[in-house]
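Subject: Structure for you to look at

Hello,

Here is the structure I promised to pass on. Please open it first, then read my notes below.

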Amino acid sequence: MRMFVAGEWTVGARQEEVRSPYSGEVIDTVPIAGLDDVERALASAVRGAAAQRRTTGHEREAILRRAGDIADTRVDELAATISAETGKAISEARAEAGRAGDLLRLSAFEGTQLYGDTLPLDAGAGAGLNRLGFTLRQPCGVVVAITPFNYPLLLVLHKIAPALAAGNAVVLKPARQTPLTALKLVEILLEAGLAPEAISCLTGPGGELGDALVRDPRVRKISFTGSTATGEAIARVAGVKKLSLELGASCPVAILPDADIELAAQAVALGGYANAGQVCISVQRVLADRAIVGDFLDALVPKVEAIRAGDPNSADIGTLISEREARRVETALRERNGARLLTGGERDGAVVAPAVVADVSPDAPLSQDELFGPAVAVTSVSGIDEAVQLANSTNYGLGAGVFTGNVANAVRFAREVDAGNVHINWTPLWRADLMPYGGLKGSGIGKEGPRAAVQEMTDVKTIVLHGGA
């Protein structure tokens, strides 16, 4: 498959294979972009941004709505591509592809809602009544979107759809492992009428390409989803630019004595293992009260053992993104430091059986480090005080959840836990595309979700009209 750079599809000087993480079969080949491709993409984006800025919100909305309608007709094709290049279960891939059209249309609408504010200038001493003040929002210009492998359609859309809706041009760098879905999305946008210079999609290695993109002064906005280490590196070299960084996590879920245990077990069995645990808001840590931890584990383990992992065409969950990642998760589950592996953890190629680990120390790597695999670590706590303390005990702060029938405990957890998304009586693995989404602490800066992202993709100007001295 060709990449799209500077208004044209190109095969590039070199190619590399995209392989299925499950079977190892070659799915397709894509170009390996180089620094000359980065330069062509950025030069084109500068021209595209100037043209996009002169379009109306109505025009941009119409294009993205058409793209959404086209995406609706290609759910099966998109799902097959997602599953093939990620190893994701086809049922999960269909769910991801099925949200694309609505996300495009929602972004299209939000791009038309760029309201400003009137300013009460006369409240300032000496300003008088001869001036009017107001604010305008305008596109940032050139936006670089760097996206991960785990949701190669939705997480691309959460960046580029609001950017285009706000009137920017985009240079997209999808994950090296999963370029095919992003390229199919570019095809849809162009078919819908997007100006060719409004988007480029560079395939190939992230290190050299990403570094060149984020350093370039022509880029005014960077939207990145990936590891905290890479996000920190971007922040160090980007210079004076707007940044949205969606980074790592080790999401906690507290289960208090008055919780509905069956509901909690059901939710954790869903929230800890979807997409083989390769979700930033996956449940990684369960902080279960000592009074009910045994009952909770009795309810959870059979549900986890019922999750079928393997062939993406038939299993409940598929593979990790690579055998290397699967070996990393397998090693992490072996090095338990006294914790008990109750079920799962076996590896077959890139497939890891869903695991439950009990008696995990709050200081252990399974608690402190992002696992990004199909396992949940259970730690016993004594009451709400310790639950809140341990929920806040990592460097991350993306999502958290609490199960309780006590409103006071729910309110306290919501107020005191440092996470960008807090769920009461469910796990953090729940996201409506329209809601603001982003983390605190080492989990990032900025918010996604079309309304929030459109704001992030624009700059505010203050205008003062002087009617006299």
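How many bridges join β5 to strand β6, and in which sense do the two run? Two bridges join them, and the strands run antiparallel. Strand β6 covers residues 131-139. Across from Leu119 stands Gly133 of β6.

Some ground rules. This is a predicted model, in which local features need pLDDT of at least 70, side-chain atom pairs count only at pLDDT 80 or more, and totals for chains, interfaces and linings use all residues. Residues are numbered from 1 along each chain as its sequence is written, and side-chain values use heavy atoms, with hydrogens and water left out. Helices (H or I, at least four residues) and strands (E, at least two) are DSSP runs, numbered from the N terminus. Two strands pair if DSSP finds at least two bridges between them.

**The open sheet**

β5 and β6 belong to an open sheet of three strands, in the order β5-β6-β22, with antiparallel pairing. Its edge strands are β5 (118-119) and β22 (458-466), and each pairs on one side only.

**Around β8**

Next, go to strand β8 (residues 169-173). Five of its five residues are buried (buried: under 20% relative accessible area; exposed: over 50%; partly exposed: in between; 1.4 Å probe, protein chains only). In a regular strand the side chains alternate between the two faces of the sheet. Here, Ala169, Val171 and Lys173 point one way, while Val170 and Leu172 point the other.

β8 pairs with β7 (residues 142-146) in the parallel sense, over five bridges. Val144 sits opposite Val171. From β7 the chain crosses through helix α6 (residues 154-165) to β8, and this β-α-β crossover is right-handed. That term means that, with the strands pointing away from the viewer, the path from the first strand over the helix to the second runs clockwise.

β8 also runs parallel to β9 (residues 199-201), joined by three bridges. Ile199 is the bridge partner of Val170. The chain goes from β8 through helix α7 (residues 179-191) to β9, again in a right-handed β-α-β crossover.

**Helix α15**

Which residues of α15 (residues 407-416) are buried? Asn409, Ala410 and Phe413 are. The face turned away carries the exposed Val407, Ala408 and Arg415.

**Two positive phi values**

Asn337 has a phi near 55°, positive in a residue other than glycine. Asn337 is in the loop between α12 (323-334) and β14 (340-343). Asn337 is exposed, at 64% relative accessible area. Phe372 also is not a glycine, and its positive phi is about 55°. Phe372 lies in the loop between α13 (365-368) and β18 (375-381). At 16% relative accessibility, Phe372 counts as buried.

**Cysteines**

There are zero disulfides (a disulfide: a pair of cysteine sulfur atoms within 2.5 Å). Cys251 is in no disulfide either, with the sulfur of Cys280 nearest at 8.1 Å. Cys201 is buried, at 0% relative accessible area, and Cys251 is buried at 1%.

Best wishes
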